Amino acid sequence: MFLQEPKDLTRHYSAASLLREGFNKQKGWAPAWRDAAPKAEYDAVIIGGGGHGLATAYYLAKEFGMTRIAVLEKGWIGGGNTGRNTTVIRSNYFFPESAAFYDFSLKLYEGLTRDLNYNIMFSQRGMWNIAHDRHGVEMLHRAVNAMLLNGVDAELHDGAEVKRRIPILSDAPRYPVMAGLLQKRGGTARHDAIAWGYARAADMRGVDIVQNCEVTGFDIVDGAVTGVRTTRGDIKTGKVALAVAGNTSVLAELAGFRLPIISYALQACVSEPVKPVLDTVLLSISHGVYISQSDKGELVIGSAIDLYPSYAQRGNLPVMEHTAAGVVDLFPRFSRMRFLRQWAGIVDVMHDSTPVVGLSPVKGLYLNCGWGTGGFKAIPGAGFCYAHTIAKNEPHPLTAPFSLKRFETGALIDEAAGAGIAH
Amino acid sequence: MLQISCPYCGARAEIEFRCGGQAHLERPGPHDQVSDRQWAEYLFYRDNPKGVSLERWVHRFGCRQWFNVARSTLTHEILAVYGMGEQPPQLEGTKR
């Protein structure tokens, strides 16, 4: 139906178009993307309409000239982990492979609003990682040195300076703030805008975004994929790309192989909205808590995973309680605030907290998984490198170390130990 | 909050326990005849089922004993608790 629409509908977003539509009673806006029906055949099918899947489709169309592409989403786009995460963007990793990749992703984020012609509300408000004891301070020194050697911006400040920059920190917390690592280029973005912006930009290049379409099986002939079966009919294709986070093991089983992944629930919550009190992102590894304030005024709070495998998109109470305790110790003034919403997403954790972006045991079936709790910051970088992988049938140099083979060769990139964080 | 029935102590809250991952993994051997692929399978590859999961748990802040649990990863319902070395009960939706 959208194909018959008049061509003078407003598709480009700008101050001028806003002004024009203001005089036009806002009647000329084109839908941001078409809710497409699946066709019988595509050059490539991407499974998963989250940030990763939509970014992959966008870069396939834009950088690699593949436009006969479908993104299949079993629910609605951006309704999985993209809509559930705490939107922190950073590149404070330890190993050169990770730093190179995540900083590439951060750089894409820096230009993304202009690239997509869609305001992703990327706010480089800085990301603090604070230490509460002598050993934590030593780890921050090590992290700063690693980041600087990897060409990533990093600053180390003592506890007094952290307190000066974040005045609402407690004057006498149970665990004193002794130092802080600041990555100034880190920050937050609007998570829905990432999904919607990529969806709109991919759609404008001819990509079909198919919602309410669950993949139920794969057609595999002589070890090569020839199509996918879905709840909305069978689709022929020679290239299938998974981008389904916590459900990767389930789809891999349909394709006949296992993966080194365990799925966990990662929960987050927001408080009731208040006036601006916190203008940065703060992480305390000792407390297992991170916190920022959204543009709406809600405190956005996250913590560690619930420590048993789960596909239920809800968190357990003990982790939530532990999280709240950490927030109240750091910020006693938040103790009277109420949780507004609490939820969980299912994250795909690999043993070394490094993802896989590359080939699978099935020819023509590609893997983008294992992001664990940190996939949001990787969306543009992974989308770009994954698109390269799919188009050229070989990994992008930036993600070549992130292969499945590393579990056999032993060349793990152990960011769980290296960066000292869960992801 | 889950309530888990420790075979030794009875029903206790989940904060007393720790999940130790997939149960019934067998170390391959003899060690000098195990391929890299087999080691990778043993160390890192997991069933990760959406449904019934057979897991080892330890009563960390209790008797410190290990035991097996059959639990749904979709509802978190605990379907069975059985001892180490025992075979899992026949449950609908179990993979093995």
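Mentor: Buried area is the accessible area (1.4 Å probe) that two parts lose on being put together, summed over both. Keep in mind that this is a predicted model, where local features need pLDDT of at least 70, side-chain atom pairs count only at pLDDT 80 or more, and totals for chains, interfaces and linings use all residues. Residues are numbered from 1 along each chain as its sequence is written, chains are lettered from A in the order in which they are written, and side-chain values use heavy atoms, leaving out hydrogens and water.

Trainee: So what do chain A and chain B bury between them?

Mentor: About 2300 Å², with 53% of it on carbon and sulfur atoms. Arg258(A), Tyr308(A) and Tyr311(A) supply 31% of the area that chain A buries against chain B, more than any other three residues.

Trainee: What makes Glu41(B) and Arg258(A) a salt bridge?

Mentor: The rule asks for a side-chain nitrogen of Lys or Arg within 4 Å of a carboxyl oxygen of Asp or Glu. Here N to O is 2.9 Å, so the pair qualifies. The count between the two chains is three salt bridges.

Trainee: Why is H2(A) called oblique to H10(A)?

Mentor: The axes (lines fitted to C-alpha atoms over the stretch in contact, angles running from 0 to 180 degrees between N-to-C directions) of H2, residues 51-64, and H10, residues 379-392, of chain A cross at roughly 55°. Under 35 degrees is roughly parallel, over 145 roughly antiparallel, 65 to 115 roughly perpendicular, and the rest oblique. That makes H2(A) oblique to H10(A).

Note on methods. Helix = DSSP H or I, 4+ residues; strand = E, 2+ residues; numbered from the N terminus.
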